[in-house]
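Me: I'd like to go through this structure feature by feature. Could you give me the general idea each time, and then the case at hand?

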Amino acid sequence: RMRFASSNATRPLFPAPSDANGGGITILAANVVQSASADSYLTLSKGTLASGAYTANGTVAAAIAGTASPFVANEVKAFTIGATKFVDADEWLALLEGNQGAAATVAIVTIQYAMGR
């Protein structure tokens, strides 16, 4: 479970374990709850982090919420995990938050995963 402030940016959440420590992970499910109503959207991706710069190389879960189905304060929304659900060793899982308007809120993201494929 991670808690962070939304910022209209991509936030690397955590890296998958290295091969020496068990290898990658398979994302099984993910949920998010926000502290305030907002029409922002969230997307889960995987990618690399080098010199502080994150580069996405796959979408783990397509965008949820947005103007069609805005977040409601304290309402849990589930991501739909796509076909690209394996995060390889040393890749990072990241969350892209995109504002449709101002959305200064706190999001709590819960990720369920299994080691390996």
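Reply: Happy to. Start with the contacts: among those in the protein between residues at least 6 apart in sequence, 75% join residues at least 24 apart. Keep in mind that this is a predicted model.

Me: What does the secondary structure of the protein come to?

Reply: It comes to 0 helices and 9 strands. Read from the N terminus on, the elements run β-β-β-β-β-β-β-β-β.

Me: And how do I read a sheet?

Reply: Strands of a sheet pair through backbone hydrogen bonds, either parallel or antiparallel. Here, an open sheet of 4 strands has the order β2-β8-β4-β5, and the pairing is antiparallel.

Me: Which strands stand at the edges?

Reply: β2 and β5 do; each has a single partner strand, so one side of each is left without a neighbour in the sheet. From one strand to the next, the twist averages 25 degrees.

Me: Can we go down to individual pairs? How many bridges join β4 to β5?

Reply: There are 9 bridges joining β4 to β5, which run antiparallel. Ala50 stands opposite Ala53 in β5.

Me: How should I read a positive phi?

Reply: Most residues other than glycine have a negative phi, and most peptide bonds are trans. Ser51 is not a glycine, yet its phi is positive. With 84% relative accessibility, Ser51 counts as exposed. Asp90 is another case: its phi is near 70 degrees, a positive value in a residue other than glycine.

Me: Where is Asp90, then?

Reply: Asp90 sits in the loop between β7 and β8. At 49% relative accessibility, Asp90 counts as partly exposed, since the cut-off for exposed is over 50%.

Me: Let's turn to the inside. How do I read a nonpolar core?

Reply: In soluble globular proteins, nonpolar side chains tend to be buried together. In this model, the largest nonpolar core has 21 residues, and Val32, Leu44, Phe79, Leu93 and Ile111 touch the most other members. The elements that give two or more residues to this core are β2, β3, β4, β5, β8 and β9.

Me: Take Leu93 from that set. Which residues is Leu93 in contact with, leaving aside its neighbours within four places in sequence?

Reply: Its contacts are Arg11, Pro12, Leu13, Phe14, Ile27, Leu44, Ser45, Val60, Val87 and Ile111. Two of these, Leu44 and Ile111, are also among the core residues that touch the most other members.

Me: How much of the protein counts as buried?

Reply: Of its 117 residues, 43% count as buried.

Me: Now the charged side chains. How many salt bridges does a search of the whole structure find?

Reply: The search finds 2 salt bridges. In one, the side chains of Glu91 and Lys46 meet at 3.2 Å, N to O. Glu91 lies in the loop between β7 and β8 and Lys46 in strand β4, so this pair ties together parts that are 45 residues apart in sequence.

Me: Are Glu91 and Lys46 buried or exposed?

Reply: Both Glu91 and Lys46 are buried. In the other salt bridge, the side chains of Glu75 and Lys77 meet at 3.9 Å, N to O. There, Glu75 counts as partly exposed at 33% relative accessibility, whereas Lys77 counts as buried at 13%.

Methods. Residues are numbered from 1 along each chain as its sequence is written. This is a predicted model: local features need pLDDT of at least 70, side-chain atom pairs count only at pLDDT 80 or more; totals for chains, interfaces and linings use all residues. Side-chain values use heavy atoms; hydrogens and water are left out. A nonpolar core is a set of buried Ala, Val, Leu, Ile, Met, Phe, Trp, Tyr and Cys residues joined through side-chain atoms within 4.5 Å. Buried means under 20% relative accessible area, exposed over 50%, partly exposed in between (1.4 Å probe, protein chains only). Contact means heavy atoms within 4.5 Å. Two strands pair if DSSP finds at least two bridges between them. Axes are lines fitted to C-alpha atoms, for helices over the stretch in contact, and angles run from 0 to 180 degrees between N-to-C directions. A salt bridge is a side-chain nitrogen of Lys or Arg within 4 Å of a carboxyl oxygen of Asp or Glu.
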